[in-house]
Amino acid sequence: MQYTGNIFLYNNNSINKELYHQNLEKMGYFLFDTDNLHKFTLYHKEITPNVILFDFDRQTPFDFITSLENKFERSTVPLVVVSEAPKALIYHPSIAHYLTHDAAKKQLLNILESYCTGNKKHHVLYINLKPYERPGFAQSVTDAGYSLFEVHNTQAAAAYLAKNTPSVICVNFHPALSKSQKAFAHPKTFYVQNSQNIKEIEQFLH
């Protein structure tokens with residue numbers, strides 16, 4: 001079996017344990033799965049993962065989720081949170097992706113493949129630094145039939161661009177990005193708002 005990448009999973013949701021193991025290990029991923037935070041932290045120091053994944057059950061308190069986000073905020077590895085908690089309550093600038101459990105079933109493999117093996121050619125890389133807002137722009141992209149890869153910080157965007165070639169980059173502009181614009185010097189880079197529609201730049205996707 002071909003080796004695909006290293007996935008570190010902090011998982012206090014027992015319902016999904018078999019799902020992760022059956023799917024990811026069969027695809028060649030090395031999966032380190034634990035609900036022991038001390039063990040998780042120690043292992044992270046020994047082996048560098050491609051993605052760090054947190055799966056929280058519905059009973060996990062918001063303050064525990066945010067404390068774990070704070071603990072890994074200096075990580076250069078893309079961080080993915082799978083939780084039913086509202087994004088506005090657990091928002092942290094270090095998190096690259098927020099997924100509900102239903103969304104994870106549809107999107108997680110695409111996210112892992114993009115960071116681990118790459119070679120994806122999504123229509124739109126959307127750098128959305130305001131994931132707590134209504135997802136109007138992202139929804140318009142998928143509704144129009146285009147493929148979308150959405151990240152919520154510039155570090156994850158850089159990791160994505162190291163292995164993938166989107167048709168366009170759309171940035172939900174934020175003053176913090178003013179010093180980082182050169183990092184995304186893609187010939188088709190656009191600054192948008194979550195309230196905008198893909199139709200405004202659709203001509204550049206062809």
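1. The model is predicted: local features need pLDDT of at least 70 and side-chain atom pairs pLDDT 80 or more, while totals for chains, interfaces and linings use all residues. Numbering runs from 1 along each chain as its sequence is written, and side-chain values use heavy atoms, without hydrogens or water.

2. Helix 5 (101-116) is among the elements that supply at least two residues of this lining, and helix 5 gives the most, with five. Helices are DSSP runs of H or I with at least four residues, strands runs of E with at least two, both numbered from the N terminus.

3. Ser-83 sits in the loop between strand 4 (79-82) and helix 4. Ser-83 counts as buried because its relative accessibility is 7%; buried means under 20% relative accessible area (1.4 Å probe, protein chains only). Beyond neighbours within four places in sequence, Ser-83 has contacts (heavy atoms within 4.5 Å) with residues including Phe-56, Leu-99 and His-101.

4. Cys-116 is buried at 8% relative accessibility, and Cys-170 is buried at 0%. The count of disulfides is zero, a disulfide being a pair of cysteine sulfur atoms within 2.5 Å.

Terms used:
Buried < 20%, exposed > 50% of the residue type's maximum accessible area, 1.4 Å probe, protein only.
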